[in-house]
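Hi,

Here is the structure you were waiting for. Please have a look, then read my notes below.

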Amino acid sequence: MARISTATIREKKLKNEKITMLTAYDYSMAAMVDEAGIDMILVGDSLGNVVLGYENTLSVTMNDMIHHSRAVTRAARNAMVVGDMPFLSYHVSVKEAVRNAGRFIQEGGCQAVKLEGGAERVNTIKAILDAQIPVVGHIGLTPQSVNQFGGFKIQGKDLESAKKLVNDAKALESSGAFCVVLEGVPTVLAKKVTEEISIPTIGIGAGQYCDGQVLVINDMLGMFKGHIPKFVKKFTNLEPLIMEALKGYKSEVEAGTFPAEEHGYTMKEEVLERLY
Ligand code: KIV
């Protein structure tokens, strides 16, 4: 099977086929996501929240992202891997943004990058595209803007911010981004944006009318003990299962019932005898 490309993603919108995307941050999880046939794996800067234990994504660095991208891309055979550009990696200058986007491709092994922001990012996106690197846009409740928003607040609820969202989506379309993540926006507004632009929309907290969907894998597997937003569906709840296994391990090791005979290795008795 050929790897999912930007053309495959664009075609899916034309054929009215939903696009699937999930985050992954390590080799084992990425291998499972890939085997499940998910179209795109996002090495998200949500790494900061669910893997590194930060309060938000602002502390995540390029080196963190490259380290985890390498683990994911070693596993992904068919899915397109998208590296998420962290805070300050594309804000200082267009030149730095291109250099950092290039690191995701050259060092991280990714096939595309994602960055947050709308009309204000058009020049940066065009420069990254000039370096032959496909770009995913990301607008709405963009987590790197948490301080500017004054918290994790749904965007586009009033006329002014709804207009801004539509304009930003159109700006991303004209910049050459091949799809756009819509995060934390009202369902009907996400529907309107999806109808208005020719590139696919990938929703998260944006209702059912987007062209595709993305979730943070730890949230949808029930593996994260922090705050879980309303839009998340837990497709399983691994946390209690993992806790049960960990407690079982502790009590068996303490009781001396693990490891048992069958977990050990044998050796020839005469070798052992010659030891003494
Ligand atoms: O970092 C991330 O996981 C993301 C998704 C939530 C879209 O940006």
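Threonine 194 touches Lys13, Leu182, Thr201, Tyr209, Cys210 and Asp211, leaving out residues up to four places away in sequence. Bear in mind that this is a predicted model. Threonine 194 sits in helix α9, residues 187–196. Is threonine 194 buried or exposed? Its relative accessibility is 8%, under the 20% cut-off, so threonine 194 counts as buried. Its side chain reaches the backbone oxygen of alanine 190 at 2.7 Å. Alanine 206 is twelve residues from threonine 194 along the chain, and their C-alpha atoms are 11 Å apart.

Leucine 182 is one of the residues that threonine 194 touches. Beyond neighbours within four places in sequence, leucine 182 is in contact with Ile139, Ala190, Val193, Thr194, Thr201, Ile202, Gly203, Ile204, Ala206 and Cys210. Leucine 182 also belongs to the largest nonpolar core, which has 54 residues. Leu182 is among those with the most contacts inside that core, along with Ile41, Met85, Phe104, Val113, Ile128 and Ile217. There is a second, separate core of 16 residues, including Met40, Val82, Ala112 and Val181.

Now methionine 85. It lies in the loop between β3 (80–84) and α5 (94–106). Methionine 85 has a relative accessible area of 0%, so it is buried. Which residues does methionine 85 contact, neighbours within four places in sequence aside? They are Tyr90, Ala97, Asn100, Ala101, Phe104, Val113, Lys114, Leu115, Ile128 and Gln144. Glutamine 155 is 70 residues away from methionine 85 in sequence, and the two are 21 Å apart in space, C-alpha to C-alpha.

Next, the ligand. The residues around it are Thr23, Leu42, Gly44, Asp45, Ser46, Asp84, Lys114, His138, Val181, Ile204 and Val216.

- Aspartate 45 has a polar side-chain atom 3.0 Å from an oxygen atom of the ligand.
- Aspartate 84 has a polar side-chain atom 3.1 Å from an oxygen atom of the ligand.
- Lysine 114 has a side-chain N or O atom 3.1 Å from an oxygen atom of the ligand.

Taken alone, the ligand exposes 260 Å², and the protein buries 96% of that.

Last, the domains. The assignment gives domain 1 as 6–238 and domain 2 as 241–273. Their C-alpha centres lie 43 Å apart.

Best wishes

Note on methods
Residues are numbered from 1 along each chain as its sequence is written. This is a predicted model: local features need pLDDT of at least 70, side-chain atom pairs count only at pLDDT 80 or more; totals for chains, interfaces and linings use all residues. Side-chain values use heavy atoms; hydrogens and water are left out. A nonpolar core is a set of buried Ala, Val, Leu, Ile, Met, Phe, Trp, Tyr and Cys residues joined through side-chain atoms within 4.5 Å. Buried means under 20% relative accessible area, exposed over 50%, partly exposed in between (1.4 Å probe, protein chains only). Contact means heavy atoms within 4.5 Å. Domain bounds come from an automatic or database domain assignment. Helices (H or I, at least four residues) and strands (E, at least two) are DSSP runs, numbered from the N terminus. A residue is near a molecule or strand if one of its heavy atoms lies within 4 Å of it. A polar contact is a pair of N or O atoms within 3.5 Å; within protein, one must be able to donate a hydrogen and the other to accept it, and residues adjacent in sequence count only if both atoms are side-chain atoms. Accessible areas come from the Shrake-Rupley method with a 1.4 Å probe; for residues, only the protein chains shown count as cover.
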